[in-house]
Amino acid sequence: MKIVAIFAAFFVCRVIQYIFLKKTSGKIEGRTQLLGYTAFQYLLCAVLSVFLLTDIKGIFSVSPMGMAISILGGIAMFSSSLCSMTALKNGVQMVLTSLFSSMSILIPTISSVFLFGESMSLWQIAGVAALLYAAYLLLGISKASYQDFSVKGLLFLMGLFAADGLTMLAQKCYPHYEPQADTAVYTFLSFGTAFVLTGLMAGTDMVRTKTKITRVLSKDILLGGAILAGMLFIIMYLGILAVPLISAVVLYSLVAGGTLIIAFLVGAIVFKE
């Protein structure tokens, strides 16, 4: 029942996330505001992590391996968000970003076989193949997905594929190498890393373009950013809690399949794509 509750909460957060991601992406103007907006979300996620820490000292007791995994997870997560938002900003439809994100389950699924000795039955392999084929068919449902498709858009999508896969792999590795560690330690270090990266890039751009913070974080995007931050934090936290409960192939296949369906329905029903 615990895993059912985790997935139910996960998919509800996904719906809210996709709605506000699409609504706010059109309000972001330029690289500087995009970076500042992303940094704002990561900062809120790091703050939320602090509130869930069972012991603040746990941040300093994590092993070098656990810290490295958390930091690498933060770098991958930052790259994923940036690629996704930039792809949407460049006219790539939500269903395409979800397609490449869903395909990224290949990275943690295959890696888990070699890193953790997890096995994949023929039925599970067939299930993953069916999911990828379903994603391909879903792409063909909307012919508009092919309009104005550029090499630049494809590069962002490939970056999203790699970054999402590495993000999931880091979340899979952390409980394995740090079985007794607090999940909030991982989220704090990951979101903190992502915040530092985006904050430095945003700050550099603001100085170069002489852009004020009030222009970067305008009032019309603050609420959406706060909601997206909350959903992002909950999704990651629940994902890590689910890792010890089921195998990688089952976990990430369900996540990818459900996410793809949600993205398609939100795009079709809410945004008439």
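Colleague: How far apart are the end C-alpha atoms of helix α4, and what should its residues span?

Modeller: Keep in mind that this is a predicted model. Helix α4 covers residues 64-89, so that's 26 residues, and at 1.5 Å a residue they should span 38 Å. The model agrees with that, as the end C-alpha atoms are 37 Å apart.

Colleague: Which glycine just after α4 takes a positive phi?

Modeller: Look just past the end of α4. The phi there is about 90°, and the residue is glycine 91.

Colleague: Is serine 84 buried or exposed?

Modeller: Serine 84 sits in helix α4. Leaving out residues up to four places away in sequence, serine 84 touches Leu21 and Leu160. Its relative accessibility is 14%, and the cut-off is under 20%, so serine 84 counts as buried.

Colleague: How many residues of the α2–α11 contact are nonpolar, polar and charged?

Modeller: On the α2 side, the contact includes Tyr37, Phe40 and Leu44. On the α11 side, Leu228, Leu232 and Phe233 are among them. The residues of this contact divide into 15 nonpolar, 6 polar and no charged.

Conventions. Residues numbered from 1 in each chain as written. Predicted model: local features only at pLDDT ≥ 70, side-chain atom pairs only at ≥ 80, totals over all residues. Heavy atoms only, no water. Contact = heavy atoms within 4.5 Å. Helix = DSSP H or I, 4+ residues; strand = E, 2+ residues; numbered from the N terminus. Nonpolar A, V, L, I, M, F, W, Y, C, P; charged D, E, K, R; others polar. Expected span 1.5 Å × (residues − 1). Buried < 20%, exposed > 50% of the residue type's maximum accessible area, 1.4 Å probe, protein only.
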